Amino acid sequence: MLPGPRRPSGFGLLLLVLLLLPPPLPAAPGTDEPRSAWAWPGFPRLRERMRAVGDLSKRYWALLRCQVWPDHCEDDGDAAAGPPGWSLPLLGQQYLDVLTTWYCSFQDCCDSGDCRISNNFTGLESDLNVRLHGQHLVQKLVLRTVKDYLETPWPDKALALSFHGWSGTGKNFVARMLAENLYRDGLKSDCVEMFIATVHFAHSQHVDLYKEQLLGRIQETQQLCLQTLFIFDEAEKLHPGLLEVLRPHLERRAPEGHRAKSPRTIFLFLSNLRGNIINEVVLNLLKAGWSREEITMEHLEPHLHAEIVESTDSGFGHSCLVKENLIDYFVPFLPLEYRHVRLCARDAFLSQELQYTEEALDEIATMMAYVPSEEQLFSSQGCKSISQRITYFLP
Ligand SMILES: *[C@@H]1O[C@H](CO)[C@@H](O)[C@H](O)[C@H]1NC(C)=O
């Protein structure tokens, strides 16, 4: 079952408005006539309270402004301090978030037009180059296609990328990098949805229900955000009927006059479908004396594409997306070698701020199984569960 919709609650908004309203005026004792404010003894106290409420609203405004336009946020820490006795957790970051979401749903917030969308291509490039190991084709292809697509002023279709490769080669890792660099809240963003075939669409007899749910979820997310990302993990197990739902997004739309903003949608399909053919091609090239970095898309894409179209054992291979060439790119993740596994081990130590020795890296890399049995070249699990393995080396 799909998780419930995430919408800002109108109740929270109402509460916020109530919070910002001044408290009711105290009744002037012993008189029916409204007295002149100046003569009324309680006035200084009221003025005090009004000022406090005014301050409070100003704080809220300052905080909202920071959240909506982070670039124009004063950095003096003043906004966070608040008047004495008042702190943000007390009144609720939650209301601020609700207000921000609501505000951004109809108003341009940040440079991107929506402060939930960060599109940090510098960060994406750096992540792909520094944190991903052994995937020179992925680095170039993913950055270029995603950047080009998101910078197209009026895209006429969604972008569909299909990641292929053995487990542990970095498909999920790259999907997460995309979410984290394109959206302020990463995978938790309102604009990002992740589906796992065996979890969300586990029973093929319910495919009609799943279709409805998926359609609804896509529409809902697109209403919330002008730029959305949908990730389908274990895509090889998706029912071809379910993928029909995506067809209208991936066919070119007729230009309907230039609207102020065109919705942008990225579909990522992650699968190990035909990972074997990638490994085979790479193995043959390496044996023929090529270096890994000399391998190009031209070596791989034709094989991969042909094999996927031929694959009758997978719903994804069967689906209209593949048969009708609606997938923009088949992205091959290469099998990882010993030296890459070592780098993953190093990253795992560093990310936990632990000291490591070269011997420990070797030991971890040696623990993995390598295939084919003759050459012992590729880690059969890639870099999977490396971070758990380093626990053996903790002091
Ligand atoms: C983009 O990402 C880089 C690297 O993660 C980071 O240093 C930089 O501050 C980010 N830029 C923006 C505008 O968020």
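A disulfide is taken here as a pair of cysteine sulfur atoms within 2.5 Å.

The model is predicted, so local features need pLDDT of at least 70 and side-chain atom pairs count only at pLDDT 80 or more, whereas totals for chains, interfaces and linings use all residues. Residues are numbered from 1 along each chain as its sequence is written, and side-chain values use heavy atoms, with hydrogens and water left out.

**The chain as a whole**

The secondary structure of the protein chain comes to 19 helices and 7 strands, where helices (H or I, at least four residues) and strands (E, at least two) are DSSP runs numbered from the N terminus. Of its 395 residues, 46% count as buried; buried means under 20% relative accessible area, exposed means over 50%, and partly exposed lies in between (1.4 Å probe, protein chains only). With contact meaning heavy atoms within 4.5 Å, residues 24 or more positions apart account for 78% of the contacts in the protein chain with a separation of 6 or more.

**The disulfides**

The torsion about the S-S bond of C191 and C225 is about -70°, and the disulfide is therefore left-handed. Because C191 lies in the loop between α8 (171–182) and β2, and C225 in the loop between α10 (207–224) and β3, the pair ties together parts that are 34 residues apart in sequence. C191 counts as buried at 0% relative accessibility, and C225 counts as buried at 2%.

A disulfide also joins C344 to C383, at 1.9 Å from S to S, and with 85° about the S-S bond this link is right-handed. C344 lies in helix α17 (residues 338–351) and C383 in the loop between β7 (378–379) and α19 (386–389), so the pair ties together parts that are 39 residues apart in sequence. Both C344 and C383 are buried.

**The aromatic residues**

The structure holds 11 aromatic pairs, a pair being rings of Phe, Tyr and Trp (its six-membered ring) whose centres lie within 6.5 Å, with planes under 30 degrees apart counted as stacked, over 60 as edge-to-face and the rest as tilted. Two of the stacked pairs share F232 and are set out below.

| Pair | Centre to centre | Angle between planes |
|---|---|---|
| F195 and F232 | 5.2 Å | 25° |
| F232 and F269 | 5.4 Å | 15° |

F195 lies in strand β2 (residues 192–196) and F232 in strand β3 (residues 227–233), so their pair ties together parts that are 37 residues apart in sequence. F195 is buried, F232 counts as buried at 1% relative accessibility, and F269 counts as buried at 0%. These residues belong to one aromatic cluster, formed by F195, F201, Y210, F230, F232, F267, F269 and F316.

A charge is also placed over a ring: K147 lies over the face of F121, at 5.8 Å from the ring centre. The criterion is that NZ of Lys or CZ of Arg is within 6 Å of the ring centre and within 35 degrees of the ring normal.
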